[in-house]
Structures are given as structure tokens and as C-alpha cells.
Amino acid sequence: MPSHEMLDSRYGSIRLQRNDGGRSFVISGESIPTASVTRSGEHAVRTDVPIGTRDGRHLRLLIDGKGYDLDLSPGKFSRRSYRIHITGHDQAWLFTAATPHAHRLVEGTRHTGSNEIGMFTADDEYDVVVEWTDEIRMAGVVAHKVDSTPLTCSLGYVLAASFGTGAQLMLPAIFAGAAEALFPF
């Protein structure tokens, strides 16, 4: 059960445990609820996804013991294809690629510009860094923002560790895929 500690600027020490050879990721900390994503079933494992699949039928998300539904896009050629919709207990969030390296967590089912909670970046060692959104500027005007909560902290960290973060724009991804197919060195 490999685990390591991370330090969050708002919520302090956060522990990530990767269990069962990557079948489960668990986030915990003193000031946040425990969150986990667990993979079940005996299906082909995707090596490009830390948890091994983007098929929601084989995944279970728990936060503080309560189940939430995951609706994942396949994660292929466009940034939109790396979206994850999370619903449950009269709440909804979207975890979506924002840059080649980061995903944003937003409140609701789509990004409107004023509902961003934070930007999450994960590396190959499952270290997660978050930039909590302090204010949002649109056309020179400061818009209201959505404050993070201990629950959204746990949610963002467990999703970033379990699925990775970031996605290239479609055109560079297509060129990279074509080059890889033509020159498989």
C-alpha cells in the first residue's frame, strides 16, 4: 500500500494511498473527508489511466462513506473527451481538462467561468497540486467565485490522482497519434 503525504495550502496535510496495484486510490486528511475511487471487474486495463479504466460501470466513488455517480468521457483526442461528471446527494460537479497539464473542478454540470473551484495538476508519481480559485476576472470585471469545501478538496484530489490531469488540444493530439502510428519507436 504505497502512500505519501502532500501539503494543501487550505486544508493542510493530505495523504494519498494507492492500493491493490492501482485498483484503488484513497485520499484522507485531518480536515477533509476520506474519498476513494475503486476499480472492479476483470477487464482490460488502460495503461494511460492511473486507475486503469475510464468505464464508469467498473468504478465506485465514495466520499465520507457516501456513494457518488461517475460519468466519464472516453479520454481520447479532444479535451472534452477527458470530462468527468460527478453527481449525487443533490450535488453535481464537472472535472474537465483545462490545459495540457491541468484539470479544473467546477460546481455544476458545465464550466460557466464563475463556477470554478480550483485547478488540479497531477504528475506521474501521483503528487497532486491545486491552485484554489481566489477570484475570477472576466472582461475586466471580478465575478463571484465558488469557495472550496473539505468535500470538494477530497473530490478534486482523488479524481486527479485516479485519472490524471490535462489533455492536449485536438489537432496536436491527432498529429502525435499519427506520428506514433507511422514511427512506432
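Me: Which residues is leucine 61 in contact with, leaving aside its neighbours within four places in sequence?

Reply: In this predicted model, leucine 61 is in contact with Ser36, Val37, Lys66, Gly67, Tyr68, Leu70, Ile86, Leu155 and Val158, where contact stands for heavy atoms within 4.5 Å.

Me: What makes a set of residues a nonpolar core, and which members of the largest one touch the most other members?

Reply: The members have to be buried residues of the nonpolar kinds, Leu, Ile, Phe and Tyr among them, joined through side-chain atoms within 4.5 Å. The largest such core has 37 residues, of which Leu61, Leu70, Ile86, Phe120, Tyr157 and Phe163 touch the most other members. Its largest share, eight residues, comes from helix α1 (residues 150–163).

Me: Why is arginine 104 called buried?

Reply: Arginine 104 has a relative accessible area of 18%, and buried means under 20%, so arginine 104 is buried by that cut-off. This residue lies in strand β9 (residues 102–107) and, not counting residues up to four places away in sequence, touches Leu94, Phe95, Thr96, Ala98, His111, Glu116, Gly118 and Met119.

Me: How do you know that the side chains of arginine 104 and glutamate 116 are joined by a polar contact?

Reply: The distance for this pair of side chains is 2.8 Å, and the cut-off for N or O atoms is 3.5 Å, with one atom able to donate a hydrogen and the other to accept it; the pair is therefore counted as a polar contact.

Methods:
Residues numbered from 1 in each chain as written. Predicted model: local features only at pLDDT ≥ 70, side-chain atom pairs only at ≥ 80, totals over all residues. Heavy atoms only, no water. Helix = DSSP H or I, 4+ residues; strand = E, 2+ residues; numbered from the N terminus. Buried < 20%, exposed > 50% of the residue type's maximum accessible area, 1.4 Å probe, protein only.
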